[in-house]
Amino acid sequence: MAEQGVEGIATSHGDIIYTLAGKPRMTMAEVSRSIRKDKSTVTALVDKLIRLELVQKEKDATDTRITFVSLTPKGEALKPVFEEISHKLMDSFYTGFSAEEKKELLRLLMKVHQNF
């Protein structure tokens, strides 16, 4: 991330930004499930992203126990950066794989995923 000019955040922060880039408004619980971190960890991560002005929190109008998280305009501006990081990781991951091998790996991983 530092190579792309994104300073002061860890990979877990990036996971939240990337998740919110795909679904603009999520509950804290949804973010927690999506990045597979417990709620207290997500709260700490989101709080730092708020201090960096990358995300914002908003209480539900009808149920104040529910908190929504969304990207700020500054966070939205990072979408292309995280897309590029994601593509580079995938390219690195699949180095040396043929198209058929990629397809087979995906099939096998989906099979493993269905077991959970």
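**Terms and values**

Tutor: Thr27 stands opposite Phe68, a residue of strand 3. The model is predicted, so local features need pLDDT of at least 70 and side-chain atom pairs pLDDT 80 or more, while totals for chains, interfaces and linings use all residues. Residues are numbered from 1 along each chain as its sequence is written, and side-chain values use heavy atoms, with hydrogens and water left out.

Student: Which strands are edge strands, and why are they called that?
Tutor: The sheet is open, with 3 strands in the order 1-3-2 and antiparallel pairing. Strand 1 (25-27) and strand 2 (55-59) are its edge strands, because each pairs on one side only. On average, neighbouring strands of this sheet are turned by 30 degrees against each other, direction ignored.

Student: How do you know that helix 2 packs on the sheet?
Tutor: Contact means heavy atoms within 4.5 Å. Helix 2 touches strand 1, strand 2 and strand 3, and its direction makes about 90 degrees with that of strand 1.

Student: Why is helix 2 called roughly perpendicular to helix 3?
Tutor: Axes are lines fitted to C-alpha atoms, for helices over the stretch in contact, and angles run from 0 to 180 degrees between N-to-C directions. Angles under 35 degrees count as roughly parallel, over 145 as roughly antiparallel, 65 to 115 as roughly perpendicular and the rest as oblique. The axes of helix 2 and helix 3 (residues 39-51) cross at roughly 105 degrees and come within 9 Å. Helix 2 is therefore roughly perpendicular to helix 3. Helix 2 contributes Met28, Ala29, Val31, Ser32 and Ile35 to the contact, and helix 3 contributes Lys39, Val42, Thr43, Leu45 and Val46.

Student: What makes helix 1 roughly perpendicular to helix 3?
Tutor: Their axes come within 10 Å and cross at roughly 80 degrees, so helix 1 is roughly perpendicular to helix 3. Here Ser12, His13, Ile16 and Ile17 of helix 1 meet Leu45, Val46, Lys48 and Leu49 of helix 3.

Student: How many helices and strands does the chain have, and what counts as one?
Tutor: Helices (H or I, at least four residues) and strands (E, at least two) are DSSP runs, numbered from the N terminus. The chain has 6 helices and 3 strands, in the pattern α-β-α-α-β-β-α-α-α along the sequence.

Student: By class, what lines the largest pocket?
Tutor: The lining has 7 nonpolar, 5 polar and 1 charged residues. Ala, Val, Leu, Ile, Met, Phe, Trp, Tyr, Cys and Pro count as nonpolar, Asp, Glu, Lys and Arg as charged, and the others, Gly among them, as polar.

Conventions. Two strands pair if DSSP finds at least two bridges between them.
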